[in-house]
Amino acid sequence: MLPRCYLLAKHVCYKAAIPNCEKTGSVTINIAVRKLGLLHRNTHALPINYIPSGTRTFMGSPNLFKKKEPAKPQVKKRKRVDLSAQSLERNFITPVRAMSDFLLKPSDLESLPKTKRRSPYENEPPITVYWRKDVEAKSLNIWGSKENLQKELIKRDIERKKYQQNIFTMKRRLRDYRRELGKSANIEIDGGIMGRSGRVVLTAIAINGTNCLFKLFAWLYTGSHSMFSECIHSLADTINQLILAYGIHKSVQVADANHPYGYSNMKYVASLISGVGIFCVGTGLSIYHGCSGLIRPEPIDDFFWAYFILGGSLVSEGATWLVAYNSIRRGARNMNVPVKDYILRSQDPSVNVVLLEDFAAVVGVIVAGGCMSLASLTGSSIPDAIGSLLVGCILGSVASFIIYTNVAALVGRSIPEENLDKINGELETDIMVRAIHDVKGIDMGNYLVRYKAELDFDGRELTRSYLDKQDLNKLLEEARKLQNIDQFEEFMLKHGENIVDMMGGEIDRIEMKLRKKHPEIRHCDLEIL
């Protein structure tokens, strides 16, 4: 049973506070405190209306305890996503790139903030990355300015290239780069058999077919082993160039369900078949005929008319070679690469084969003519047979080079590093991208490129872009109505799915931007990391 003093304290607090709050809005705070103190010392009660001097009161409005109406939500001005803006503010960078691009040492990276990101490679542990802005600030702190850093990067790049090529080639490439800096790539769309490459091949077919007939008549008239090799050489060239013409015609065929990436590699397939044909037919028969002449020498006939035919063949083959060379030089100028690299990489395989075949034909005519002259002077068929062997060796060398370059193209060859760096730089500056990994640029032929990269998307900018298209007041009201976990889950699933769909739209936007800046990109595969 409670003591009487505690019941009295409850009565005092109730009578003292409640009426004053309702009438005057004042609460005598010290009443309860003083009464309870006295009740602990003695158990007698004090009058209810007793208020000691110096009592502190809390003054308030009579409406203090009335229920207030909820305030209207204020619309906050937000900074919307500017998709045309370029920013590297929130990009990540790997330690290897920090050391190569910004010339930092491992000890310089120890003091920088770092985080873990999922590896772009399968079955690999997470990778350590740094904020690009921190790496740039550290680099500027060490090197003093961007100009000093750029100078040091150029210096080290030049030193690295000295181990890969001679000084003359390096200076020529740097000169060509400075000359073409800032110019957009002029990509020539192949027009099929009536395009630039097709016209070169058709010209070569007409000239080599005519030469083959004249050399056949000369061989039948003279019986020369060298002339036989030249006849076989021209026949092989004509057949191979017919195969090249078919490859060019097929390469521009529209992609279908069976070949979703098109038929552009048919040029390389036809060139590879041509190289194999030259090696098997031209080289094999020439060497066989030369060996037969050495084993079973026969008396030689007059080579008078053969010389005229060889002279005409030299002029016609030289003219075809000149046409092919001009086409190669024009293609190299359009791609901003040296002619040597254009030939070595077999950028235009059909014209490349014509150029090399006619070069071998010109050299073969000179060799055959010289050996036939020695045979006429000595009266022996041995020099003529040796000439057949030499022509066969020339054909074998050219065929081996053609096979090698086309196999490399069909297997999958990377585009030049300079072009790949330009595409990577354009991709990295997009506001939605924080980092790129596992980049591949494959030359598909016909001046087309397939580009692939793993993207680390900036989730904050993606979400901000999604909110730009929403009514935030309605979104807030929708969130306030959530009563349980099931409703909250449904809310998150709805907007999460919308954000993922929006991510797909952003990838499409980035791909279209890359194709606009780099029209050589036919297929762009961007994957989310």
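Me: Hi! How far apart are the end C-alpha atoms of helix 13?
Reply: In this predicted model, they are 43 Å apart. Helix 13 covers residues 349–378, and at 1.5 Å a residue its 30 residues should span 44 Å, so the two values agree.

Me: Nice. And how many of its 30 residues are buried?
Reply: 21 of them, so helix 13 is mostly covered, with buried meaning under 20% relative accessible area.

Me: What comes just after helix 13?
Reply: Gly379, which takes a positive phi of about 70°.

Me: Which residue other than glycine has a positive phi near 55°?
Reply: That's Leu103. You'll find Leu103 in the loop between helix 3 (95–101) and helix 4 (106–109).

Me: Is Leu103 buried or exposed?
Reply: Leu103 counts as buried, because its relative accessibility is 9%.

Me: OK, over to Asp438. Where is that one?
Reply: Asp438 sits in strand 7, residues 433–445. Asp438 is not a glycine, yet its phi is positive, at about 50°. Its relative accessible area is 18%, so Asp438 is buried.

Me: Switching to strand pairing: in which sense do strand 3 and strand 5 pair?
Reply: Antiparallel, over two bridges. Strand 3 is residues 92–93 and strand 5 is residues 127–131. Ile93 has Tyr130 of strand 5 as its bridge partner.

Me: And how many bridges join strand 4 to strand 5?
Reply: Four, and these two strands run antiparallel. Strand 4 takes in residues 114–117.

Me: Which residue in strand 5 does Arg117 stand opposite?
Reply: Ile127 is the one facing Arg117 there.

Terms used:
Residues are numbered from 1 along each chain as its sequence is written. This is a predicted model: local features need pLDDT of at least 70, side-chain atom pairs count only at pLDDT 80 or more; totals for chains, interfaces and linings use all residues. Side-chain values use heavy atoms; hydrogens and water are left out. The expected span of a helix is 1.5 Å times one less than its number of residues. Buried means under 20% relative accessible area, exposed over 50%, partly exposed in between (1.4 Å probe, protein chains only). Two strands pair if DSSP finds at least two bridges between them.
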